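Please read the following report alongside the sequence and the model.

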Amino acid sequence: MNTPAPPHAAGRADTPVSAADYHAEVVNPDDGTTIAITVMQPALDAGACAPLILHGHGFGGARLGGREQRSIYERLSGGLLPSAEAARRAAEAGYFVISFDQRGFGESAGNVELMDPAREGADIRAILDWAEQSMAHREHLACRDGRLVAGALGLSYGGGYQLIAACVDDRLSAIVPTAAWHDLSYSLAPDNVIKTTWGAGLVALGAPASGIDLDPMLYRALVEGLASPLTGQGLSDGVRDTLYNNSPASFFDGRLARDGAFVSAPNKRRPPVVDALFIQGVGDTLFNLNEAQANAEALRANGCQAHVIGMRHGHSLPLLQNIDRIAYQTEAQLHWGSSQYETAALELGYLDWKLKGHALEHPIPPCTISLDDGHGLSFDELPRGRRAGGRRLEFKAQAVTGGLDLLLGLFRQDTLGGLSDLVRGTAANARAAVQRLWDSRGREARPHDTGLLAQLVNALPTEHLDELASGGVFVSLSRIERDDLAVIGIPEARVHITGDAPSPVAFMGLGLKRAGRRATLLINDQLRPIRGLGTRDIRLNGVAERLYEGDELGLLIYGFHPQFLTSFSAIPGRLKVRGWIDLPLIERTDRR
């Protein structure tokens, strides 16, 4: 890995600079919208230079008020967010940091346009212009080859802006998107099956924070999702077009969506040389691992460096996932091999490498996936299908669609036993959460009250809840006979669906039966919906899970799942599903 040349000051920087935090406003000259910012100014000696880092918040959030302040989501979930912590540390480590309220949120004006390149993208361009032309001590800004040295940090919506900014402005040299998207039409409605649970959650998060001034398209998408059982349809062409056009995928593909079709768009250019560290959750049910991989592949194809780190969680649904935070479950520590790295330090170290020319203390592999809280595996690229020595396995099953799947599931399972396990597990998880709070009282720690609330909300054992609330058919693929395997990467499949169900919707994910366990595990909570009959080649969502001798690995096929709460076939029917799946089965280097 090449270390960039060190930067130099943009102008005459004859006077020292004192550390300071202050608020300011930037006006987007295109439409006059005012964007509220916080500048965290570093302490600099005379003649010293400092790169610029932009920091953006998640959907429904707000900017950092200063280097000593916590973000709204940190206060809500009871823990630090690594991207926000990295931004705070950057101000102490010799960077100008600008944290800003995204359009329509916090103290910024305008409506939330869901990262429209012509609006939110132009807002970022205006902030960079302001920094170079109007910011106090701008003569201390770092330059390299006559170009501003700038990078970016942020989570979720604060990750998505970085990719759009890189597509519309060439001043970003390095970005660190955490839990960001590649194609919003895929994120919110894969195969045009709408994630209504997430859609409702996004509206609930964004509407109060924006004064209900969300893009009307988002409300329309939610209404279309709620009406899906009646219409038998997903998103309308207009909504899907907007979601795709507001995505980096549109730039990478060099095209626009129009009236449900794609047209060439020469004015949509690929981003310039911008290197990226993508941190994505294997268990993220909004922006899955496939999206980070798609972004990385697109950047590499354009001659950029891209690294992918798969953490365990990400965007998480309360009650439906095994988490102890609300909204964002981002790990404070990441792993590859048997080593552990603090996430915030890793993010800042990456920017030090790219923006200041500092050598990395610990070189980052091209792709690293965490298997659990103590171990991760590294690859030259994320395994896909059988490319890493996996297996092709055939399957055949029958399933039912719609709510009938849930009813049949309740009757064919040990419902009373499942309810008993659910109650016992919930009580045990709640006791453990209270005990963790009690144990932390004697330490030097920040208040954990909101963290306790999050853990109590999420005390339900999701594996039992999934079986009771979703039904589903488990199709065995393979019995594991070794203790040193893991399924890691993106499974690929050919699926043939026939049946008598009108407008059928089915959901497919990898399932796992552990020896001696009652519940069947939906691996990493990852589901791929399939709309309609016929044959298609698909990529399932990326996963990472240890396998042990005696495990039974298979497919879970659902006709209903609460992640897609109202996106199901209203009229029940029976489906025949058959095909093959290429599984990325990896030999582990450790045994636990």
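## A helix and its cover

The buried residues of helix H6 are covered by elements that include helix H5 (184-188), helix H7 (216-226) and strand S14 (314-316), where helices (H or I, at least four residues) and strands (E, at least two) are DSSP runs numbered from the N terminus. Among the residues of H6 that are buried are Trp198, Leu202, Val203 and Ala207; buried means under 20% relative accessible area, exposed over 50% and partly exposed in between, with a 1.4 Å probe and protein chains only.

Helix H6 (residues 196-210) has 15 residues and spans 20 Å from its first C-alpha to its last, close to the 21 Å expected at 1.5 Å a residue, the expected span being 1.5 Å times one less than the number of residues. After H6 comes glycine 211, with a positive phi near 70°.

## Basis of the model

This is a predicted model, in which local features need pLDDT of at least 70 and side-chain atom pairs count only at pLDDT 80 or more, while totals for chains, interfaces and linings use all residues. Residues are numbered from 1 along each chain as its sequence is written, and side-chain values use heavy atoms, with hydrogens and water left out.

## An antiparallel sheet

Four strands form an open sheet in the order S20-S30-S23-S27, with antiparallel pairing, two strands being paired if DSSP finds at least two bridges between them. Strand S20 (391-400) and strand S27 (534-539) are the edge strands, each pairing on one side only.

Within the sheet, strand S23 (residues 492-499) and strand S30 (residues 574-583) run antiparallel and are joined by eight bridges, and glutamate 492 stands opposite aspartate 582 in S30.

## Two loop residues with positive phi

Aspartate 259, in the loop between strand S10 (255-258) and strand S11 (261-264), has a positive phi near 55° although it is a residue other than glycine. Asparagine 524, in the loop between strand S25 (521-522) and strand S26 (528-531), is likewise not a glycine and has a positive phi of about 55°.

Aspartate 259 is exposed, with a relative accessible area of 67%, whereas asparagine 524 counts as buried at 9% relative accessibility.

## Cysteines

A search of the whole structure finds zero disulfides, a disulfide being a pair of cysteine sulfur atoms within 2.5 Å. Cysteine 167 counts as buried at 2% relative accessibility, and cysteine 304 counts as buried at 7%.

## Confidence

The mean pLDDT of the chain is 85, and 85% of its residues reach 70 or more; pLDDT is the predictor's confidence in each residue, from 0 to 100. Over residues 456-461 the pLDDT is below 50. Where pLDDT is low, the predicted coordinates should not be read in detail.

Key: Contact = heavy atoms within 4.5 Å.
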